[in-house]
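This report is meant for a reader who has not seen this structure before. Please look over the sequence and the model first.

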Amino acid sequence: MSLDVRPGTDPLDAYLAFDAAAPQRGSIPAEASIESAFDGAADGTHDRIAASVRALRPELVALATDLYENPEIGFQEVYSSGRIADLLAAQGIDVQRGAFGLDTAFRATVGEGDAHFAIIAEYDALPEVGHACGHNIIAAQAVGAFLAARDHLAPGGGRLSIIGTPAEEGGAGKELIIRAGGFDDVDAAAMVHPGGGTSVSPVYGGGTSGVRRVRVTYRGRAAHAALSPYLGLNALDAVVTAYQGVAQLRQHILPVDRIHGIITDGGAAANVVPERAAAEFLIRSTEVATLNALTQRVVDILEAAALSTGTTAELDVDFEPPYLPLRPNVELNKRWATALTRQRRSVPVRPAVVRQGGPSTDMGNVSQFIPAIHPALGLGAASDVLPHNAAFADATVRPPAFDALVDGAIGLAATALDYLADEGLQAAVSDEFVATGGRYRWGDE
């Protein structure tokens, strides 16, 4: 099968273009400061935001703890989304539940005016290890930021939304919301992710990758493995050939690329030539063009394995919506960093480096569609306690994490109101977004 990379783009060209831009693309500028050059909201607004969030601390801590104790995986966050919506409603907010055609999504909007800023909430957990990615903290931060910003939003000073997005850990809830038009009228968005340290990068010390998923099922012909193996067509051989082909590809991919996979079906009995075998692969890269190019190379290998074994290959490409690479907006990140330093939290300035590959998030899809940020906020856990580990889930309900929750909510609220109050900042955010590629939505090629 032939996959579209981008119109007129050859897979090799995409890789060569990446190499040519390697010293600059995705780099974080080496700056003496990451302070914003814009005024933002009126004097005293940040102090009032901080007071409002701190007054909400008991409710926010209770929410984060409740979600920790009642984890729900993607698209099953019935209790979690309802708990958040109930808290907002108790604060006088009109909440649209089951928004965008998704049972566990929600949206609430306050204010009026042309500019529109969205604060993003996540609340799905991981199987077995619960809130080991800290989405309970993300949700509570978002609620605190939204309520505090609501309280200090100037009349006619713009619109502010909180958007509840299910299934970040698998299922791409944000991409489904984009497809439903949920971000069509939003100008910029932000969320903050808990992690091992604080950084304007979404992952402390690194970045994110886009990811595409491919399943392949090989169909052969069963035969007695001892009596008449010559009558068989071995589907397991096709899977093994495909897996080895992908392994050989790995030495010829970009340093930021990743491919990993598993064999999900290898046959039913050792004395029967397998007539069916299957595998699943995840393909990651830090640019849309190289992600698509690498996916095409993997698909070619999977099809070649069928040809070499006499089997047939059934491919399911993008059985979940792709997660796109994150494109963080520097001007928005500067506002967040400025607000966070006011809370006496250090936001490290990192030297210019070529972006490294990393995990994936559907916030990347949002950042390709509108200007967005996804910085990291340390929870004060031990250096070896990192996300997707049960110990990290436990760290989210300890006092240092609750302190970070409050500071993160203050930073988010300040960023939102700074953006809505400052037309110069809005223009700079928009100009940067256009200069770095403009609006891109999966499937728009």
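The sections below go from the whole chain to single residues.

## Basis of the model

This is a predicted model, in which local features need pLDDT of at least 70 and side-chain atom pairs count only at pLDDT 80 or more, while totals for chains, interfaces and linings use all residues. Residues are numbered from 1 along each chain as its sequence is written, and side-chain values use heavy atoms, with hydrogens and water left out.

## Overall make-up

The protein has 12 helices and 12 strands. Both are DSSP runs numbered from the N terminus: helices are H or I with at least four residues, and strands are E with at least two. Of its 445 residues, 56% count as buried. Buried means under 20% relative accessible area, exposed means over 50%, and partly exposed lies in between, with a 1.4 Å probe and protein chains only.

The protein exposes about 17800 Å², and carbon and sulfur atoms supply 51% of that area. These areas come from the Shrake-Rupley method with a 1.4 Å probe; for residues, only the protein chains shown count as cover. Among contacts between residues at least 6 apart in sequence, 81% join residues at least 24 apart. A contact means heavy atoms within 4.5 Å.

## The six-stranded sheet

An open sheet is formed by 6 strands in the order E1-E2-E4-E3-E5-E11, with mixed pairing. Two strands pair if DSSP finds at least two bridges between them. Strand E1 (96–97) and strand E11 (372–373) stand at the edges; each has a single partner strand, so one side of each is left without a neighbour in the sheet.

Further in, E3 and strand E5 (residues 188–190) pair in the parallel sense over 3 bridges. Phe 117 has Ala 188 in E5 as its bridge partner.

## Aromatic pairs

A pair of aromatic rings is described by the distance of the centres and the angle of the planes. Rings of Phe, Tyr and Trp (its six-membered ring) pair if their centres lie within 6.5 Å; planes under 30 degrees apart count as stacked, over 60 as edge-to-face and the rest as tilted. By this rule there are 3 aromatic pairs. One of them joins Phe 106 and Tyr 123, whose ring centres are 5.8 Å apart with planes at 20°, so the pair is stacked. Phe 106 is in strand E2 (residues 106–112) and Tyr 123 in the loop between strand E3 (116–122) and helix H4 (135–151), 17 residues apart. Phe 106 counts as buried at 1% relative accessibility, and Tyr 123 counts as buried at 0%.

Another pair is Phe 117 with Tyr 419: the centres are 5.5 Å apart and the planes at 50°, so this pair is tilted. Phe 117 lies in strand E3 and Tyr 419 in helix H11 (residues 399–421), so the pair ties together parts that are 302 residues apart in sequence. Phe 117 and Tyr 419 are both buried.

## Charges over rings

A charge sits over a ring if NZ of Lys or CZ of Arg is within 6 Å of the ring centre and within 35 degrees of the ring normal. Arg 215 lies over the face of Phe 319, at 3.7 Å from the ring centre. The charged end of Arg 439 sits over the ring of Phe 369, 3.8 Å from its centre.

Arg 107 is found in strand E2 and counts as buried at 11% relative accessibility. Its side chain reaches the backbone oxygen of Gly 182 at 3.0 Å, and a polar contact of 3.2 Å joins the side chains of Arg 107 and Asp 185. A polar contact is a pair of N or O atoms within 3.5 Å; within protein, one must be able to donate a hydrogen and the other to accept it, and residues adjacent in sequence count only if both atoms are side-chain atoms.

His 46 is found in helix H2 and is buried, with a relative accessible area of 13%. The side chains of His 46 and Asp 418 make a polar contact of 2.9 Å. Leaving aside neighbours within four places in sequence, His 46 is in contact with residues including Arg 335 and Ala 414.

## Positive phi values

Most residues other than glycine have a negative phi. Phe 75 has a positive phi, near 70°. Phe 75 is found in the loop between helix H2 (45–69) and helix H3 (78–90) and is partly exposed, with a relative accessible area of 37%.

Arg 344 also has a positive phi, near 65°. Arg 344 is placed in the loop between helix H8 (330–341) and helix H9 (363–369) and is exposed, with a relative accessible area of 83%.
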